[in-house]
Amino acid sequence: MVIYKKKKILVTGASGFIGSNLLKSLNRKKFLVSGISNSHTDNYSIKPLSLFSKKKITKYLHEHDFDFVIHLGASVEEYDSVDILKNNCQTTLNLLNACVDAKIKNFIYASSHTVYGLSHYLPIDENHTLNPTTNYGLSKLINENFCKLFSQHDINFTILRISSVYGNGQKERFVIPTLINSCILRNELVVHKYKNGFQIMDFVHVDDVCSSIELACNSKHKFVIYNIASGKPITAFQIAKYLKDLTSVDSIKIRKIKKNTNHFIYDISKAGSELKFKPKIQVS
């Protein structure tokens, strides 16, 4: 993989699931990478620094003269719409203003497939209607628009709309860890079947996400958006069948849900042709 060698890279949200994996990947490849996080961590390479302090983040950027800022930091908590918008949008706005002040040239923003909301066609490409149905998705869309607004400055922006991520170290409340823990702890597999069938999903491995971010460091665009996903449809039932074959679980329980679900699978051809992004890991 080719990336600008000896460029200095800052990763926000470096203690999170994607951030911690990205830091390891970049460090293995000997890049000059620093991480910051709102949370304190035992990792000496991650500096606790709140993006709520515009003054502190601006000072930090000036001190280190970064070539790239990779913005992963975000709250996923949905309990309070005001809190999530403040945590995700005010912090991003502070970071962007700091980047302008420090004359940062390249900004990569980790957005989310949730900006699309309900799917009107499959596979979903970057031109699909944007109508998020969650506070988290709304905050990501607002931040995309912040990035577009700030592209009038001398900063190149790459937006990555990342699909459902999985991999080692992911929190238990997500689909794949939930199914795995159900196998291990309760020796059972339960999947939901909706009125319009098992939900069609598009999972992308965290290693492929890290690869896409590294490739984005080679982008020459002033402002560009890419879907980052596997591009391969899969259902919870298919994942459960795969896990059943690997474990001692006897059967898969199907729980019928009396409502429709939203199916999603993404067109990644743009990322493939322009970034040379090609997912290497599939769920099964």
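Biologist: What share of the residues in the chain is buried?
Modeller: Buried residues are 49% of the 284 in the chain. Buried means under 20% relative accessible area, exposed over 50%, and partly exposed in between, with a 1.4 Å probe and protein chains only. This is a predicted model, where local features need pLDDT of at least 70 and side-chain atom pairs count only at pLDDT 80 or more, while totals for chains, interfaces and linings use all residues. Residues are numbered from 1 along each chain as its sequence is written, and side-chain values use heavy atoms, with hydrogens and water left out.

Biologist: How many helices and strands are there?
Modeller: Eight helices and 13 strands. Both are DSSP runs numbered from the N terminus: helices are H or I with at least four residues, strands are E with at least two.

Biologist: And why call the chain compact?
Modeller: Its radius of gyration is 19 Å, close to the 19 Å that the globule rule gives for 284 residues, so the chain is as compact as a globular protein of that length. The radius is taken over C-alpha atoms, and the rule is 2.2 Å times the number of residues to the power 0.38.

Biologist: Which residues touch the most other members of the largest nonpolar core?
Modeller: Val 11, Ile 70 and Leu 160, in a core of 57 residues. Such a core is a set of buried Ala, Val, Leu, Ile, Met, Phe, Trp, Tyr and Cys residues joined through side-chain atoms within 4.5 Å. Helix H6, residues 206-216, gives the largest share of this core, six residues. Apart from it lies another core of 23 residues, including Ile 36 and Phe 107.

Biologist: What does Ile 70 touch?
Modeller: Leaving out residues up to four places away in sequence, Ile 70 touches Ile 9, Leu 10, Val 11, Thr 12, Leu 22, Ile 108, Ile 213 and Cys 217. Contact means heavy atoms within 4.5 Å.

Biologist: Back to H6. How many of its residues are buried?
Modeller: 10 of its 11, so to speak mostly covered. Among the buried ones in H6 are Asp 208, Ile 213 and Glu 214.

Biologist: Now Gly 169. Where is it found?
Modeller: In the loop between strand S7 (164-166) and helix H5 (175-186).

Biologist: Is Gly 169 buried or exposed?
Modeller: Gly 169 counts as exposed, because its relative accessibility is 69%. The C-alpha atoms of Gly 169 and Ile 18 are 9.3 Å apart, although 151 residues separate the two along the chain.
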